[in-house]
Amino acid sequence: MSVVAVKVESDRIRIAADSILIKEDLKKTNFKKLYKFKDIIVAGCGSAEELSLFFKFAENFSPPSCDIDGIRDYMQTFANVLEDCYNDRKINNDYIIIYKGHVYEVEGMFVQEITDYTAIGEGEAYALSALYLDHDVVDAVKAACKFSCFVSEPIIVQQVFIWKQSK
C-alpha cells in the first residue's frame with residue numbers, strides 16, 4: 001500500500017511519502033517509508049517486511065555506479081539478500097532511489113531514470129495527476145491520502161539540492 005511522489009526540479013529533488021501500515025484490517029499511521037542515509041535516499045511501497053530489509057541494506061551499501069546498470073546491479077545484490085533470508089530472489093516492492101543527484105524508479109529488476117516526476121504505490125494515480133498539474137510532492141501525497149483508503153498521513157518529506165556531477 002502507500003504512495004511515494006518525487007519531482008525533479010532545476011535545482012533540487014523533492015520526495016514525499018505517506019506513513020500508513022496495513023495489517024489485515026488494522027491501519028497504523030506511523031510506518032516511515034522514506035529514509036536518507038549518507039549518500040542515498042530510498043523510499044518504497046509494498047510489503048513492510050521487504051521494505052525494512054531494503055532500508056537496512058541501503059544503510060550499509062551504495063550502488064556501484066550512478067546509472068541504470070549500477071542501480072540494477074544494486075538491486076541484484078539486494079535480491080541476493082532476499083534469497084539468503086527467504087530462499088526467494090524476487091523483489092516484490094516498488095522503490096524510488098535518489099543517488100548522486102539522479103532519481104531512479106525500480107520495479108523488480110526494471111530500472112528507469114526519472115527526469116521530471118513520478119509516483120509509485122496504491123495512491124500512484126492520484127499523486128501523478130497532481131504532479132502533472134504542477135503541484136508539489138506534498139500536495140501530490142495529500143491528494144492520494146484524500147482519495148485512497150490505502151494511503152494516510154503523516155507525510156514524510158526529503159529534499160536534495162542537485163549538484164552537477166557526471167554519471
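Strands β5 and β6 form a hairpin with three residues between them, where strands, like helices, are DSSP runs numbered from the N terminus (E, at least two residues, for strands; H or I, at least four, for helices). The structure is a predicted model, in which local features require pLDDT of at least 70 and side-chain atom pairs count only at pLDDT 80 or more, whereas totals for chains, interfaces and linings use all residues. Residues are numbered from 1 along each chain as its sequence is written, and side-chain values use heavy atoms, with hydrogens and water left out.

Leu-34 has Ala-43 of β6 as its bridge partner. Strand β6 is also joined to β7 (residues 94-99), again in the antiparallel sense, by six bridges, and here Ile-40 is partnered by Tyr-99 of β7. Strand β6 itself, comprising residues 40-45, is mostly covered, since six of its six residues are buried, a term that denotes under 20% relative accessible area, with exposed meaning over 50% and partly exposed the range in between (1.4 Å probe, protein chains only). In a regular strand the side chains alternate between the two faces of the sheet. In β6 both faces are covered, with Ile-40, Val-42 and Gly-44 buried on one side and Ile-41, Ala-43 and Cys-45 buried on the other.

A separate description applies to an open sheet of four strands, which has the order β10-β1-β2-β11 and antiparallel pairing. Strands β10 (117-121) and β11 (156-161) stand at the edges with a single partner strand each, so one side of each is left without a neighbour in the sheet. The twist of this sheet averages 10 degrees from one strand to the next. Strand β1 (residues 3-8) pairs with β10 over five bridges in the antiparallel sense, and the bridge partner of Lys-7 in β10 is Tyr-117.

Helix α3 lies across β1 and β10 and runs at about 165 degrees to β10; such angles run from 0 to 180 degrees between N-to-C directions, with axes being lines fitted to C-alpha atoms, for helices over the stretch in contact. The axes of α3 (residues 124-132) and α4 (residues 137-147) come within 8 Å and cross at roughly 140 degrees. Contact, defined as heavy atoms within 4.5 Å, brings Tyr-126, Ala-127, Ala-130 and Leu-131 of α3 together with Val-137, Asp-139, Ala-140, Ala-143, Ala-144 and Phe-147 of α4. The residues of this α3 and α4 contact divide into nine nonpolar, no polar and one charged, where Ala, Val, Leu, Ile, Met, Phe, Trp, Tyr, Cys and Pro count as nonpolar, Asp, Glu, Lys and Arg as charged, and the others, Gly among them, as polar.

The structure holds seven salt bridges, each being a side-chain nitrogen of Lys or Arg within 4 Å of a carboxyl oxygen of Asp or Glu. In one of them, Lys-33 pairs with Asp-18, the closest N and O atoms being 3.3 Å apart. This pair links distant parts of the chain, 15 residues apart, with Lys-33 in the loop between β4 (26-28) and β5 and Asp-18 in the loop between β2 (12-17) and β3 (21-23). Lys-33 is buried, with a relative accessible area of 3%, and Asp-18 likewise counts as buried at 0%. Another salt bridge joins Arg-12 to Glu-9, with the closest N and O atoms 2.7 Å apart; Arg-12 is partly exposed at 25% relative accessibility, and Glu-9 is partly exposed at 23%. Arg-89 forms a salt bridge with Glu-83 at a closest N and O separation of 3.2 Å, with Arg-89 partly exposed at 30% relative accessibility and Glu-83 partly exposed at 34%.

Helix α1 (residues 48-60) contains Ala-48, which is partly exposed, with a relative accessible area of 22%. Leaving aside residues up to four places away in sequence, Ala-48 touches Leu-21 and Phe-31. Ala-48 and Lys-23, which are 25 residues apart in sequence, lie 9.6 Å apart in space, C-alpha to C-alpha.

Notes:
Two strands pair if DSSP finds at least two bridges between them.
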